[in-house]
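Please work through the following exercises with the sequence and the structure open beside you, trying each task before you read its solution.

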Amino acid sequence: TAVDTYSFSHLHPQHKAEPSHETLEHALSTSKEAGLPDIAVSPSQGKYLKLQAQLVRAKNILEVGTLGGYSTIWLASSGPDVKVLSIEVDQHHAEVARRNIAHAGYENRVEVRLGAGVDVLREVVEEVRAGKREKFDLVFIDADKENNWNYVDAAAGISNKGAAIIVDNVVRKGRVANPDSGDSRIEGTRRVIENIGTDDRLDGVVLQTVGEKDYDGFLLSIVK
Ligand code: SAM
């Protein structure tokens with residue numbers, strides 16, 4: 001955590017921070033006041049998502065799991081014309097997120113769509129097929145872990161070649177290596193890792209992380 005605090009303060013300095021520290025802290029404090037759980041990505045992880053979006057020159061970003069919009073704000077900050085569609089099943093979370101996104105000034109290019117990820121993704125697939133929506137360049141999956149593979153599978157079909165698909169919380173203090181965890185979240189995470197490994201559309205790697213969000217990790221996948 002000390003390394004996170006030290007490095008983030010230098011690499012995201014007040015005078016040129018986008019999103020600003022005030023915007024980020026506002027999103028976290030209003031989420032806390034509204035009773036949302038403290039499970040947003042860390043500042044350094046949020047910054048990583050922003051830089052990854054810039055690396056793939058993302059124009060359209062999809063997120064599953066908005067919570068209070070903290071990671072959404074990071075993703076939207078990756079460029080002035082970037083559009084983000086974020087899916088959230090909980091109405092209260094979605095309302096808090098919409099307010100935080102408006103406070104950040106991104107309300108015109110961020111849509112928070114209410115509904116279960118699997119159902120909303122079905123709609124989004126239809127919209128892409130009908131030519132009503134462009135394909136995505138980056139997808140961030142951070143919702144119910146049991147559906148991780150369903151989300152990646154759907155995302156692969158509506159993403160451009162070279163798109164990045166990132167899945168959060170894939171290490172869970174190392175428990176992902178245990179085939180007999182009996183935990184449906186771990187089983188959902190193991191399924192996504194194993195399925196990506198055999199899927200010709202995708203390539204991937206797990207990056208273990210440590211810091212203020214404890215010992216966990218991201219799965220980074222690329223659409224071939
Ligand atoms: N990405 C957020 C961030 O870093 O700021 C954190 C997301 S939080 C870990 C997970 C969110 O996914 C919660 O807000 C939860 O309500 C939502 N969620 C859970 N199941 C879902 C589902 N089936 N469809 C869509 N969202 C879901």
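**Exercise 1.** Find which residues Leu 49 is in contact with, leaving aside its neighbours within four places in sequence, and decide whether Leu 49 is buried or exposed.

*Solution.* Begin by locating the residue in this predicted model: Leu 49 lies in helix H3, which covers residues 43–55. Once the neighbours within four places in sequence are set aside, the contacts of Leu 49 are Val 41, Ser 71, Trp 74, Leu 75, Phe 140 and Ile 166. Next, count the C-beta neighbours inside 10 Å, of which Leu 49 has 25. A residue is buried if that count is 20 or more, and therefore Leu 49 counts as buried.

**Exercise 2.** Work out how helices H2 and H5 are oriented to each other, and list the residues through which they meet.

*Solution.* Take the axes of H2 (residues 21–33) and H5 (residues 91–104), which come within 10 Å and cross at roughly 160°. Because angles over 145 degrees count as roughly antiparallel, H2 is roughly antiparallel to H5. The crossing of these two helices is right-handed. On the H2 side, the residues are Thr 23, His 26, Ala 27, Thr 30 and Ser 31, and they meet Val 96, Arg 99, Asn 100, His 103 and Ala 104 of H5. Sorted by class, this contact has six polar, three nonpolar and one charged residues.

**Exercise 3.** Identify the buried residues of helix H7, then describe what covers them and how H7 packs with H8.

*Solution.* Within H7 (residues 148–157), the buried residues are Asn 148, Trp 149, Tyr 151, Val 152, Ala 154 and Ala 155. Their cover includes strands E1, E4, E5 and E7, together with helices H6 and H8. Turning to H8 (184–198), its axis is 7 Å from that of H7, and the two helices pack at an angle of about 35°. In this contact Asn 148, Trp 149 and Val 152 of H7 meet Gly 188, Thr 189, Arg 191, Val 192, Asn 195 and Ile 196 of H8. These residues divide into four nonpolar, four polar and one charged.

**Exercise 4.** Describe the shell of residues around the ligand.

*Solution.* The ligand is surrounded by 19 residues, and the closest are Ala 40, Gly 65, Tyr 70, Ser 71 and Gly 117. Helix H4 (70–76) and strand E2 (83–88) are the elements that give two or more residues to this shell. Divided by class, the shell has ten nonpolar, five polar and four charged residues.

Conventions. Residues numbered from 1 in each chain as written. Predicted model: local features only at pLDDT ≥ 70, side-chain atom pairs only at ≥ 80, totals over all residues. Axes fitted to C-alpha atoms, helices over the stretch in contact; angles between N-to-C directions. Helix = DSSP H or I, 4+ residues; strand = E, 2+ residues; numbered from the N terminus. Parallel < 35°, antiparallel > 145°, perpendicular 65-115°, else oblique. Left-handed = near helix turned anticlockwise from the far one by under 90°. Contact = placed C-beta atoms within 7 Å. Nonpolar A, V, L, I, M, F, W, Y, C, P; charged D, E, K, R; others polar. Near = placed C-beta within 6 Å. Buried ≥ 20, exposed ≤ 12 C-beta atoms within 10 Å, placed from the backbone.
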